[in-house]
Amino acid sequence: MRSSTAGNMSQGLAVDPPMKAVGVTEFGGPEVLHLVDLPDPEAGPGELRIRVHAAAVNPTDTGLRSGGRAELLKDIPPPYVPGMDAAGVLEQIGEGVSTDLQVGDHVMAIVVPNASHGAYSERIVVPAESVARVPAGATDVEAATLPMNGLTARQALDLLGLVPGQTLAVTGAAGAVGGYAVQLGKADNLVVIADASERDEQLVKELGADIVVRRGSEFSERVRQAIPQGVDGLVDGALLNELVILAVRDGGRIATVRGFKDDEERGITFHPVSVRNYAREQSKLDRLRQQVEDGQVTLRVARSIPAERAAEAHRVLEAGGVRGRLVLEF
């Protein structure tokens, strides 16, 4: 055993080298994911180190693995480690951090990966503002599904700026972002209309949608049948893009999770969501924790998989139809 606590760290626990992570040294299909050794990170000023027990698997992770960020990474040597959601045990508190957390607490974090150190790692270092306590009664596996997708939905609703009683439409409501958008919309006292396949209709109703319409390319027409004047705001979790515009009233707003924007006709405005802008919104992450504890937000785990089988998790995710999040366990 050796202590990896630097001299200027206020608290720390002894750890064993080396640190394992799951990453890629070349881009490609799920098979390129493999275990890699990385140096133990140290928590610097304003940072926390977490011993990761669980890391959620998201579409952004498969994009990094397959080369979607290759141009941005071309001048940085591999390995490249995916992952934007983590939960585990607080292991080290950096200098100058003001927090009521203590070493040994179970915490969750949103992780903005740098070149080699995303959440698919035994240990991560993140800004203190990216961390909140795991919801009471939740496991680390469950908590790992919340930070990135929950904050994405929260940011989308904040950008829409709706007030109680207004109408919110959600596409992709059975998915992670869409499901959180439905539940957070209801917590904000909005009237929520959401899409679902026949298979997912009961799930979306249980998430709290007031009106459920069949998913698909005719989503806008179906919304207008239910709400003839159109909805006040829309979160497009299914990436229907231009197909959702008709669902929104004149002067309404659309939050898009992949940057889609169109001509702003009928006074409709588009609000691209970038969750990286919420990566240090600790109060919003902690509010999500409280909403889980209050029963307003549901943590949904599709399946947990050992980290060394990350390739299997990516294959399952890319095959589609996953409800809840796949989670890697370290």
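Predicted model: local features only at pLDDT ≥ 70, side-chain atom pairs only at ≥ 80, totals over all residues.
Strand 11 (residues 167–171) and strand 12 (residues 191–196) run parallel and are joined by four bridges. Which residue of strand 12 is the bridge partner of V170? I found A194 there.

**Entry: T171**

I stayed with strand 11, where T171 lies. Is T171 buried or exposed? Its relative accessible area is 0%. The cut-off for buried is under 20%, so T171 counts as buried. I listed its contacts, leaving out residues up to four places away in sequence. T171 touches G178, D195, F219, V235, D236, G237, A238, L239, L240 and V244. I checked G237 by distance as well. T171 and G237 are 66 residues apart in sequence, yet their C-alpha atoms are 5.1 Å apart in space.

**Entry: helices across the sheet**

**Entry: helix 4 with helix 5**

I moved to helix packing. Two packed helices are described by the angle between their axes and the distance between the axes. For helix 4 (residues 147–160) and helix 5, the axes come within 8 Å and cross at roughly 55°. Helix 4 is therefore oblique to helix 5. The crossing is right-handed. On the helix 4 side, I found N149, G150, T152, A153, R154 and L157 in the contact. Helix 5 brings A176, V177, Y180, A181, L184 and G185. What classes do these residues fall into? Seven are nonpolar, four polar and one charged.

**Entry: helix 4 with helix 8**

Helix 4 has another contact, with helix 8. Here the axes come within 10 Å and cross at roughly 110°. Angles of 65 to 115 degrees count as roughly perpendicular, so that is the label for helix 4 and helix 8. Helix 4 contributes P147, G150, L151, R154 and D158. From helix 8, I noted K284, L285, R287 and L288. By class, I logged four nonpolar, one polar and four charged residues in this contact.

G150 and R154 turn up here, and both are also listed in the contact with helix 5.

**Entry: two serines**

I looked up S130 next. S130 lies in the loop between strand 9 (123–127) and strand 10 (131–133). With a relative accessible area of 2%, S130 is buried. Which residues does S130 touch, not counting those up to four places away in sequence? I found M108, A109, I110, A279, R280 and L285. L285 is also in the helix 8 list above.

S274 is in a loop too, between strand 16 and helix 8 (282–293). Its relative accessibility is 29%, so S274 counts as partly exposed. I checked S274 against G137. They are 137 residues apart in sequence and 30 Å apart in space, C-alpha to C-alpha.

**Entry: strand 7 and its partners**

I turned to the antiparallel pairs. Strand 6 (residues 47–57) runs antiparallel to strand 7, with seven bridges between them. L48 has I93 in strand 7 as its bridge partner. Strand 7 and strand 8 (residues 106–110) also run antiparallel, joined by five bridges. There, G88 stands opposite V107.

How many residues of strand 7 (residues 85–93) are buried? I counted nine of the nine, so strand 7 is largely enclosed by the rest of the structure.

**Entry: strand 4 and strand 5**

Last, strand 4 (residues 19–23). Four of its five residues are buried, so strand 4 is largely enclosed by the rest of the structure. Strand 4 pairs with strand 5 (residues 34–38) in the antiparallel sense, over five bridges. K20 stands opposite D37 of strand 5.

Notes: Residues numbered from 1 in each chain as written. Heavy atoms only, no water. Buried < 20%, exposed > 50% of the residue type's maximum accessible area, 1.4 Å probe, protein only. Contact = heavy atoms within 4.5 Å. Pairing = 2+ DSSP bridges. Axes fitted to C-alpha atoms, helices over the stretch in contact; angles between N-to-C directions. Parallel < 35°, antiparallel > 145°, perpendicular 65-115°, else oblique. Left-handed = near helix turned anticlockwise from the far one by under 90°. Nonpolar A, V, L, I, M, F, W, Y, C, P; charged D, E, K, R; others polar.
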